[in-house]
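Trainee: I've got a model open and I'd like to talk through its rings and helices. Can we go one question at a time?

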Amino acid sequence: MSQTDLEIVVDDPTAPEDDSPSVVSSGTIEIVVCLLLLALATTLGYDNWRTGASWDSTGPEPGYFPFYLSVILGGGSLYGLIVALIAHRKAAETFVTRAQARRVMAVFVPTLLFCLVTQFLGLYVASFLLIAGFMRLVGKIALWKSLLTALVFTAIMFVTFDIAFDVIMPKGPLEAAFGH
C-alpha cells in the first residue's frame, strides 16, 4: 500500500453525538429561506417601482434595473418555495441536530455580544474580551495564554490601525482615558 492510499482518521472528542435529536428539517429551512427571500424581493421591487422602474426621455429611471433584479429574485424564490413545498412531503432530512446547534450557538452568541460590546467599550477592548473568552471557554486554553494572546493581538491591531494607518475605529472609555 502506498502512502497516498492511507487515510488518517482523527477523532474529535468534542464532536456532536450521532444520536442527538433533530432541531429542524432541511425542508423547513428551505421554505423559511425562500419566504424571506420572497419578502426581500417584494420589498425591493416595491421600493424600486416607487423610485421609477421604467424608461423616460433620457433612458432608464433609477429603479429600472434593480426592479427587474427584484423580479428575478422573486421568481427564483417562488420556484424554490414550490420545489421545497413539494419535496417537504417526503421523509424529513435533518438540517441541524441539537448538539450541532449548541456548537453553532457557542460561536454565534459571543460574536453577537462582541458586536454589542464594541458599541460601548470600543473595538479593542471588545476584541480582547472575545479572543480571551474564545480561547479560554471554547478552546480550553490556559488562562495566562488566553490573556497574553488576546493582549498581543489587540496591541498589534491597535498599532496597525490606529497608529500606522490612522484608521478611525470605534473607541470606548479605555482609549479615551489614554487620550486616543
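This is a predicted model: local features need pLDDT of at least 70, side-chain atom pairs count only at pLDDT 80 or more; totals for chains, interfaces and linings use all residues.

Trainee: Is Tyr64 buried or exposed?

Mentor: Go by the relative accessible area, where buried means under 20%. Tyr64 has 19%, so Tyr64 is buried.

Trainee: And which class does Tyr68 fall into?

Mentor: The relative accessible area of Tyr68 is 39%.

Trainee: What angle do the planes of Phe67 and Tyr68 make?

Mentor: The ring centres of Phe67 and Tyr68 are 5.0 Å apart. The pair is edge-to-face because the planes are at 85°.

Trainee: Which residues do ring pairs link into a cluster?

Mentor: Tyr64 and Tyr68 belong to it, and so does Phe67. The cluster linked by ring pairs is Trp55, Tyr64, Phe65, Phe67 and Tyr68.

Trainee: On to helix packing. How are H3 and H4 oriented to each other?

Mentor: H3 is residues 98–121 and H4 is residues 123–138, and their axes are 8 Å apart at an angle of about 155°. Angles over 145 degrees count as roughly antiparallel. The crossing is right-handed. H3 and H4 are therefore roughly antiparallel.

Trainee: What residue types make up the contact of H3 with H4?

Mentor: From H3 come residues including Val107, Phe114 and Leu121, and from H4 residues including Leu129, Leu130 and Phe134. Ser127 in H4 also takes part. The contact divides into 13 nonpolar, three polar and no charged residues.

Trainee: How do H4 and H5 lie relative to each other?

Mentor: H5 runs over residues 143–164, and the axes of H4 and H5 come within 8 Å, crossing at roughly 150°. That crossing is right-handed. The contact residues divide into 14 nonpolar, four polar and three charged. H4 and H5 are therefore roughly antiparallel.

Trainee: Which residues does Ser127 contact, beyond its neighbours within four places in sequence?

Mentor: Ser127 is found in helix H4. Ser127 is buried, with a relative accessible area of 6%. Setting those sequence neighbours aside, the contacts of Ser127 are Phe114, Thr154 and Met157.

Trainee: Last one: where is Ile141, and how far apart are the C-alpha atoms of Ile141 and Leu151?

Mentor: Ile141 is in the loop between H4 and H5, and at 30% relative accessibility it counts as partly exposed. Leaving aside neighbours within four places in sequence, Ile141 is in contact with Met135, Arg136 and Ser146. Ile141 and Leu151 are 10 residues apart along the chain, and their C-alpha atoms are separated by 15 Å.

How values were computed
Residues are numbered from 1 along each chain as its sequence is written. Side-chain values use heavy atoms; hydrogens and water are left out. Axes are lines fitted to C-alpha atoms, for helices over the stretch in contact, and angles run from 0 to 180 degrees between N-to-C directions. Helices (H or I, at least four residues) and strands (E, at least two) are DSSP runs, numbered from the N terminus. Angles under 35 degrees count as roughly parallel, over 145 as roughly antiparallel, 65 to 115 as roughly perpendicular and the rest as oblique. A crossing is left-handed if the near helix is turned anticlockwise from the far one by less than a right angle, and right-handed if clockwise. Contact means heavy atoms within 4.5 Å. Ala, Val, Leu, Ile, Met, Phe, Trp, Tyr, Cys and Pro count as nonpolar, Asp, Glu, Lys and Arg as charged, and the others, Gly among them, as polar. Buried means under 20% relative accessible area, exposed over 50%, partly exposed in between (1.4 Å probe, protein chains only). Rings of Phe, Tyr and Trp (its six-membered ring) pair if their centres lie within 6.5 Å; planes under 30 degrees apart count as stacked, over 60 as edge-to-face and the rest as tilted.
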